[in-house]
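Student: I'd like to go through the pockets of this protein with you. Can we take them one by one?

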Amino acid sequence: MLTQVLAGTLLAAPFEFREHTIATDLKGGYQVVPCDVNHDGKIDLIALASGMTELVWFENPTWERHIIARDLHGMINLAAGDIDGDGIPEIVLAHEFSMRAKESIGIVSVLKHNGDPRQLWNIREIDRLPTSHRLRWADIDGSGKKVVVNAPLTGAHAEAPDYRDRVPLVFYRPGDWKRQIIDDSSEGLVHCITITDWDRDGRDEILSAGFNGIQLYKLSADGRWIRTEIAKGDPAPWPKGGSSDVAVGKLGKERYLAAIEPWHGNEVAVYRSIAGVWQREVIDASLVDGHTIVTAVLANDGADQIIAGFRGQPQRVYIYSFDGKRWNRQTLDDGGIAAAACAVADLNGDGRLDIACIGSATHNLKWYENLGSAKRTQP
């Protein structure tokens, strides 16, 4: 495992990180999911690589590799959550994915351990929905019993570059695992979903990002799903506009949205609500094939930072911090990872949130140990 200490420039680098390389052979690395896989109190990392046929996890703290399942093709996304209360998560996996809807089977499967999560897991298919692309757990009714939300990338008849077809958004309740419809009125392409308790009522809502911009889905008390447009995203005409990835952050008591725009785009946009209207500000337009954005409190100051990564050259991961007037950018990784996905978790138990990223063209998995705020020196 490689280790490197990273520090940025004086004005735009409030944090220091120590870089750890866990793997360098994850062909087509696409998603990293932090969770306690073996119920030992430590946060492990599940790594999904679309160019591999093995789903693997890495055990904290030695980062020993274990195989969850073999002979899986076109893996694209997973959600991990403990359904039965044994402390070990079940995994819902989307595989047999293709960008061409007519060739995308979109298998959704449930994987469960056999008593020892270090050994191969059982796998059971529950659905086939073309271009199944994003899976997330959500407590949609406030019962504490979460469902799995499945957001396909496009409709079953969509074709590039316009992808003109309606995109279904569905969910599954553990147990019967029957597909239930949330909405099928979005058009074009939906790249991301984010789960959040938007109105702070103890129930999760769904934010989606795609050609239709950023949309909010909420389950009403009478069982109906209500869709609300939050923002239109990048204003360029179809199919060059809209949004690609979205995350929710806070600046003290104020909520904001951070987005990569347009699809696989070059912009990091921040939305802040002013007089009830979400105002868009592009804080960076230098990304190349932007593909991941998350928010996290990296210091104990009550404000979320934005972590954004892009897959195209020069392949960087940035951290953005708000100083009260503007967003300042720090480089977390410069050319070392084609970040398809990043996630945050306290991986070493020191009380600070660390960052893990997986690379597509670079085939690697890294975690960045949060060493706290960098000490500023006088010029």
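**Pockets and their linings**

Student: How much space lies in the second largest pocket?
Tutor: Keep in mind that this is a predicted model. For the second largest pocket, the space comes to about 150 Å³.

Student: Which element gives the largest share of the lining of the second largest pocket?
Tutor: The lining residues include V110, K112, N122, I123 and R124. Two elements give two or more residues each, β9 (107–112) and β10 (122–128). The largest share is three residues, and the element behind it is β10.

Student: Now the largest pocket: which residues lie nearest its centre?
Tutor: This pocket holds about 1000 Å³ of space. Its lining is made up of 37 residues. Nearest the centre you'll find R136, I193, V294, C342 and A343.

Student: Which element gives the largest share of the lining of the largest pocket?
Tutor: The strands giving two or more residues are β3 (29–35), β7 (77–81), β11 (132–138), β15 (190–196), β19 (245–251), β23 (290–296) and β27 (339–345). The largest share is six residues, and it comes from β23.

Student: And by class, how many nonpolar residues does the lining of the largest pocket have?
Tutor: Set aside the six polar and seven charged residues. The nonpolar count is then 24.

Key: Residues are numbered from 1 along each chain as its sequence is written. This is a predicted model: local features need pLDDT of at least 70, side-chain atom pairs count only at pLDDT 80 or more; totals for chains, interfaces and linings use all residues. Side-chain values use heavy atoms; hydrogens and water are left out. On a 1 Å grid over the protein atoms alone, a cavity is a set of points where a 1.4 Å probe fits but cannot get out, and a pocket is an open set with protein on both sides within 12 Å along at least five of seven lines; lining residues have an atom within 4 Å of a point. Grid points are joined across faces, edges and corners, and a volume is the space filled by probe spheres set on the points. Helices (H or I, at least four residues) and strands (E, at least two) are DSSP runs, numbered from the N terminus. Ala, Val, Leu, Ile, Met, Phe, Trp, Tyr, Cys and Pro count as nonpolar, Asp, Glu, Lys and Arg as charged, and the others, Gly among them, as polar.
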